[in-house]
Amino acid sequence: MTQEKKVSVKKKAYVLNDELADKIRQEMKAKNKRFFNVMGSIGAGKTAILEQIAEKLSKKYKVFVINGDVATTIDADRIAEHGAKTVQINTGGGCHLNAQLIQNELSKINIDDYDIFFAENVGNLICPANWDVGAELNIVVVSITEGQYVVKKHPIMFKGADIALINKCDLNIPGFDADTLVKDCSMIKSDMKVLKTSAVTGEGIEELIATLGIEL
Ligand SMILES: Nc1nc2c(ncn2[C@@H]2O[C@H](COP(=O)(O)OP(=O)(O)OP(=O)(O)O)[C@@H](O)[C@H]2O)c(=O)[nH]1
Ligand SMILES: [Mg+2]
């Protein structure tokens with residue numbers, strides 16, 4: 001295949017993905033369902049935050065979480081311990097979820113059985129930024145253990161996010177603090193909501209739920 005042809009096939013894949021993602025978004029909206037996409041590096045704390053959220057929300061709402069990982073059902077099993085219904089997608093070598101993978105899972109359930117949906121994307125700050133999964137909001141989790149330049153180095157991910165969580169704020173990292181990452185997020189996207197969180201102490205979790213417009 002020529003280089004030109006390869007580029008056009010890739011473009012077509014993005015277009016088809018975006019069309020399906022819009023369809024998912026519209027269907028969720030029409031059914032009055034909420035759907036959030038949680039992205040972030042490997043080990044940033046996506047699952048730990050979803051465990052906290054599931055624990056609080058599942059007392060009042062039916063929560064469905066779609067977990068994306070290369071292998072294992074560890075994350076889906078962890079979140080299921082906190083009252084949510086979960087399903088794990090194993091991507092094999094794939095570094096992101098996409099609208100088709102989400103649609104495949106949604107087509108196996110009755111959407112009306114649930115109120116709030118989350119996708120936990122595959123851990124990295126690169127590929128998921130380019131693939132719309134049909135969520136109404138994109139949340140990116142970044143932890144203070146990832147270093148002081150992590151936000152600056154991944155502008156595409158942070159430009160595409162609606163909410164950034166600066167996680168592991170319970171830890172003390174010599175030389176810099178969470179406010180550096182908060183500032184960098186705001187520099188990349190001034191209207192992005194940035195919250196400091198800890199999945200250990202629970203800091204910021206109720207504020208996040210309120211930011212999503214969900215009443216506890
Ligand atoms: N101290 C501290 N540890 C945390 C926090 N959030 C997560 N962790 C720990 O960080 C490690 C990774 O957390 P996960 O929730 O599995 O991270 P993840 O982003 O889901 O990782 P992948 O799904 O593998 O990409 C675990 O050992 C968590 O207990 C936090 O706020 N503070
Ligand atoms: Mg995880």
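**Stop 1: a residue on helix H6**

Start by selecting Met 187, which you will find in helix H6, the stretch covering residues 178-188. Keep in mind as you look around that this is a predicted model. Is Met 187 buried or exposed? With a relative accessible area of 71%, Met 187 is exposed, because the cut-off for that word is over 50%. Val 151 and Met 187 are 36 residues apart along the chain, and their C-alpha atoms are separated by 9.9 Å.

**Stop 2: a residue on strand S5**

Next, select Ser 143 in strand S5, which spans residues 137-143. Here the relative accessibility is 1%, so Ser 143 counts as buried; the cut-off for buried is under 20%. Which residues does Ser 143 touch, leaving aside those up to four places away in sequence? Show the side chains of Ala 44, Asn 167, Lys 168 and Leu 181, and you will have them on screen. Remember Lys 168, as we will meet this residue again at the last stop.

**Stop 3**

Colour strand S2 (residues 63-69) and strand S3 (residues 85-90). These two strands run parallel and are joined by six bridges. To get from S2 to S3, the chain passes through helix H3, residues 74-80, in a β-α-β crossover that is right-handed.

**Stop 4: ligand 1**

Finally, select ligand 1 and display its surroundings. How many residues surround ligand 1? There are 20, and the closest are Lys 46, Thr 47, Arg 78, Asp 170 and Ala 199. Helices H2 (46-57) and H3 each supply at least two residues of this shell. The largest share comes from H2, with three residues.

Now try the distance tool on oxygen atoms of ligand 1:

- Gly 45: a backbone N or O atom lies 2.9 Å from a ligand oxygen.
- Lys 168: a polar side-chain atom lies 3.1 Å from a ligand oxygen.
- Ala 199: a backbone N or O atom lies 2.7 Å from a ligand oxygen.

Taken alone, ligand 1 exposes 660 Å², and the protein buries 73% of that.

Notes:
Residues are numbered from 1 along each chain as its sequence is written. Chains are lettered from A and ligands numbered from 1 in the order in which they are written. This is a predicted model: local features need pLDDT of at least 70, side-chain atom pairs count only at pLDDT 80 or more; totals for chains, interfaces and linings use all residues. Side-chain values use heavy atoms; hydrogens and water are left out. Two strands pair if DSSP finds at least two bridges between them. Helices (H or I, at least four residues) and strands (E, at least two) are DSSP runs, numbered from the N terminus. A crossover is right-handed if, with the strands pointing away from the viewer, the path from the first strand over the helix to the second runs clockwise. Buried means under 20% relative accessible area, exposed over 50%, partly exposed in between (1.4 Å probe, protein chains only). Contact means heavy atoms within 4.5 Å. A residue is near a molecule or strand if one of its heavy atoms lies within 4 Å of it. A polar contact is a pair of N or O atoms within 3.5 Å; within protein, one must be able to donate a hydrogen and the other to accept it, and residues adjacent in sequence count only if both atoms are side-chain atoms. Accessible areas come from the Shrake-Rupley method with a 1.4 Å probe; for residues, only the protein chains shown count as cover.
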